[in-house]
Amino acid sequence: MSQAGYKTVEEHSGRMSPRLALVHLNVGGERFCTSVGTLTKFPESKLAEWFSGPPKLPKDSQGHYFLDRDGEHFGAVLEFLRSERVPVCNIPQVHKESVRYNITALTKRLEESPELFGEMVGRQQFLARVPHYKENIEVLIRIARAEAVASRRSTIVICVLRTEEDLGCYDGAMSSLRADKDSVVTFGPWNAGPTAADLLDCVQKDIRSRGYTVHVRPHVVEKNFLARSYDFFHTLTFTWW
């Protein structure tokens, strides 16, 4: 048995490299068998850090090195280490694991896929130009949960100001609103091509990704022939049951 705790082919033949030593893994309850050479293929990775030299992980009751991660997508990571084959399914989930294990080569390859490229280069870059976008998502969820007591739905008014010109109309628009003005959540303005409808799609997508059931519709403002009408307002509804 080698000092690192592996059973190596070298010990049987006296000739094989320690890189061929077998490693048995328990990743969140999923079992895998591979070699030291495969796990240490990319020296900058966490796996290389853990398995270069004496292993730095605990063992389970059967002697498998234990990784406290969801093992469902580790097989795709391991396949890339073996063959550099990039998965075509569950790309966001595998990407998350590649980042966790710091396998930069896999992370970059996945980020070139249409699914992640569109999300990271298109949508996320747009949202980075929307002031306080992430904070506003948290505010919407917090307000909705506060209003959920003994209710089937929570309803929040969103104000979307696409341009600086829209921002200049903000006070007039708010004066036309009969809803509780203190609970209105405002997005914008932003300097990017996507429209107000695109922004609302993003709001729904990001809240739904947190497990909530939501939909958006235009907020109907009572007409007043003496006042200007605005299309800045939308109603976001959370359905709880």
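Me: Which residues line the second largest pocket?
Reply: This is a predicted model, in which local features need pLDDT of at least 70 and side-chain atom pairs count only at pLDDT 80 or more, while totals for chains, interfaces and linings use all residues. Residues are numbered from 1 along each chain as its sequence is written, and side-chain values use heavy atoms, leaving out hydrogens and water. A pocket is an open set of points, on a 1 Å grid over the protein atoms alone, where a 1.4 Å probe fits with protein on both sides within 12 Å along at least five of seven lines, and lining residues have an atom within 4 Å of a point. The second largest pocket is lined by Glu119, Arg123, Gln124, Lys205, Asp206 and Ser209.

Me: Which helix gives the most to this lining?
Reply: The elements giving two or more residues to the lining are helix 7 (114-127) and helix 11; helices are DSSP runs of H or I with at least four residues, and strands are runs of E with at least two, numbered from the N terminus. With three residues, the helix that gives the most is helix 7.

Me: How many of the lining residues are charged?
Reply: Asp, Glu, Lys and Arg count as charged, Ala, Val, Leu, Ile, Met, Phe, Trp, Tyr, Cys and Pro as nonpolar, and the others, Gly among them, as polar. The lining holds no nonpolar residues and two polar ones, and its charged residues number four.

Me: Is helix 7 roughly parallel or roughly perpendicular to helix 11?
Reply: The axes, lines fitted to C-alpha atoms over the stretch in contact, come within 11 Å and cross at roughly 105°. Angles of 65 to 115 degrees, on a scale from 0 to 180 between N-to-C directions, count as roughly perpendicular. Helix 7 and helix 11 are therefore roughly perpendicular.

Me: How many charged residues belong to the contact of helix 7 with helix 11?
Reply: Contact means heavy atoms within 4.5 Å, and it joins Glu119, Arg123, Phe126 and Leu127 of helix 7 to Leu199, Cys202, Lys205 and Asp206 of helix 11. Four of these residues are nonpolar and none is polar, and the number of charged ones is four.

Me: Which residues in helix 11 does helix 8 meet?
Reply: Helix 8 (residues 133-146) packs on helix 11 (residues 196-208) at about 60°, with the axes 11 Å apart. From helix 8, Tyr133, Ile137 and Leu140 meet Leu199, Cys202, Val203, Asp206 and Ile207.

Me: Where does Pro189 lie?
Reply: The peptide bond from Gly188 to Pro189 is cis, with omega near 0°. Pro189 is placed in the loop between strand 5 (185-187) and helix 11.

Methods:
Parallel < 35°, antiparallel > 145°, perpendicular 65-115°, else oblique.
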